[in-house]
Amino acid sequence: MFTLPKLNYEFSALEPTIDAKTMEIHYSKHHQAYIDKLNAALETHPELQSLSVEELLSDLNKLPSDIKGAVTNHGGGHYNHTLFWSILSPAPQAQPTGLLNEAIEKAFGSFTDFKTQFETTTAGQFGSGWGWLVKDGEEVKIVTTPNQNTPLSDGLTPLLGVDVWEHAYYLNYQNRRPDYLKAIWNVIDWKQVEARFN
Ligand code: MN3
C-alpha cells in the first residue's frame, strides 16, 4: 500500500510562489488520488505489491498489460509528485554547487542559461506534463514528459521535476505558465537536487 509522503513544510510555506490553497489541493486531493488509484490497480496483482514505485516504473514493458496504463498514470503521478515535494523548500539552497554545477555549466554554458532553456522547453510542453532536469550517464539534460509519464521509465535519472499541469499553478497564475516557471526557482532547493545527482 502506497501512502502520501510527509511534507517537510506547511501548505502556506511556499507563498507567494505557490499559494497555500494550491498546495493543499495538489497534495491532499490530486496526489492522494494517484495513490488511491495505484493501490486499487495493484489489488488485482498481489505479486507486484512488494515492489517500490521506482521498480514498478523502471520497465513498463514488464508489467501485465491490464495494469500497465494504471501504473504509468497513477504510479507515475505518485513518483513525480513525491519527487516534486522533496525538492521544494521555503528556505532553499538557491544554486547548484560542486559536480552538479559543473555538469550544468558543461551542458548549458551557465546556470542562468540552464534556467532560461528549462523555462522555454517546459513552457512549450503541449497540454499537461512535466519539465525535467535528468541525469543521463554522467551528463545532464532537459526533457519534458506528457501526462504523468516519468523519465525513470526511459532509463534516465530525474533530478528536478516541475509540474506544469494547470492544477499546479492556475489559482495563482491562471494561464501564465511562463510566469509560474520563472517564479518556481524561488522555492527549488538545489541541495536536494544535488543529493539526487551525487
Ligand atoms: Mn500535479
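User: Is tryptophan 130 buried or exposed?
Analyst: This is a predicted model, in which local features need pLDDT of at least 70, side-chain atom pairs count only at pLDDT 80 or more, and totals for chains, interfaces and linings use all residues. Residues are numbered from 1 along each chain as its sequence is written, and side-chain values use heavy atoms, with hydrogens and water left out. Buried means under 20% relative accessible area, exposed over 50% and partly exposed in between, with a 1.4 Å probe and protein chains only. Tryptophan 130 has 0% relative accessibility, so the residue counts as buried.

User: In which order do the three strands form the open sheet?
Analyst: Helices (H or I, at least four residues) and strands (E, at least two) are DSSP runs numbered from the N terminus, and two strands pair if DSSP finds at least two bridges between them. Strand E2 (139-146) and strand E3 (157-163) each have a single partner strand, so they stand at the edges. With antiparallel pairing, the order is E2-E1-E3.

User: What is the bridge partner of tryptophan 130 in E3?
Analyst: Strand E1 covers residues 129-136 and pairs with E3 in the antiparallel sense over six bridges. In E3, tryptophan 130 has as its bridge partner aspartate 163.

User: What angle does the direction of helix H4 make with that of E2?
Analyst: Axes are lines fitted to C-alpha atoms, for helices over the stretch in contact, and angles run from 0 to 180 degrees between N-to-C directions. Contact means heavy atoms within 4.5 Å. Helix H4 (residues 98-108) packs on the sheet and touches E1, E2 and E3. The angle between H4 and E2 is about 75°.

User: Which residues coordinate the manganese ion?
Analyst: Donors are N, O and S atoms within 2.8 Å of the metal (3.2 Å for Na, K and Ca), and water is not among the atoms, so sites may look incomplete. Along the chain the donors follow the spacing H-x54-H-x81-D-x3-H. At 2.0 to 2.1 Å, the ion is coordinated by His26 (NE2), His81 (NE2), Asp163 (OD) and His167 (NE2).

User: How many residues apart in sequence are the parts tied together by histidine 26 and histidine 167?
Analyst: Both histidine 26 and histidine 167 are buried. Histidine 26 lies in helix H1 (residues 20-42), and histidine 167 in the loop between E3 and helix H6 (170-173). The pair therefore ties together parts whose separation in sequence is 141 residues.

User: How many aromatic pairs does the count come to?
Analyst: Rings of Phe, Tyr and Trp (its six-membered ring) pair if their centres lie within 6.5 Å; planes under 30 degrees apart count as stacked, over 60 as edge-to-face and the rest as tilted. By this rule the number of aromatic pairs is 15.

User: Are the rings of phenylalanine 118 and tryptophan 185 stacked or edge-to-face?
Analyst: Phenylalanine 118 is in helix H5 (residues 111-123), and tryptophan 185 is in the loop between helix H7 (177-184) and helix H8 (190-197). Phenylalanine 118 is buried at 0% relative accessibility, and tryptophan 185 is buried with a relative accessible area of 10%. The ring centres are 5.4 Å apart and the planes stand at 65°, so the pair is edge-to-face.

User: What is the distance in space between leucine 48 and valine 164, C-alpha to C-alpha?
Analyst: Leucine 48 is in the loop between H1 and helix H2 (53-58), and counts as buried at 11% relative accessibility. Leucine 48 and valine 164 are 116 residues apart in sequence. Their C-alpha to C-alpha distance is 30 Å.
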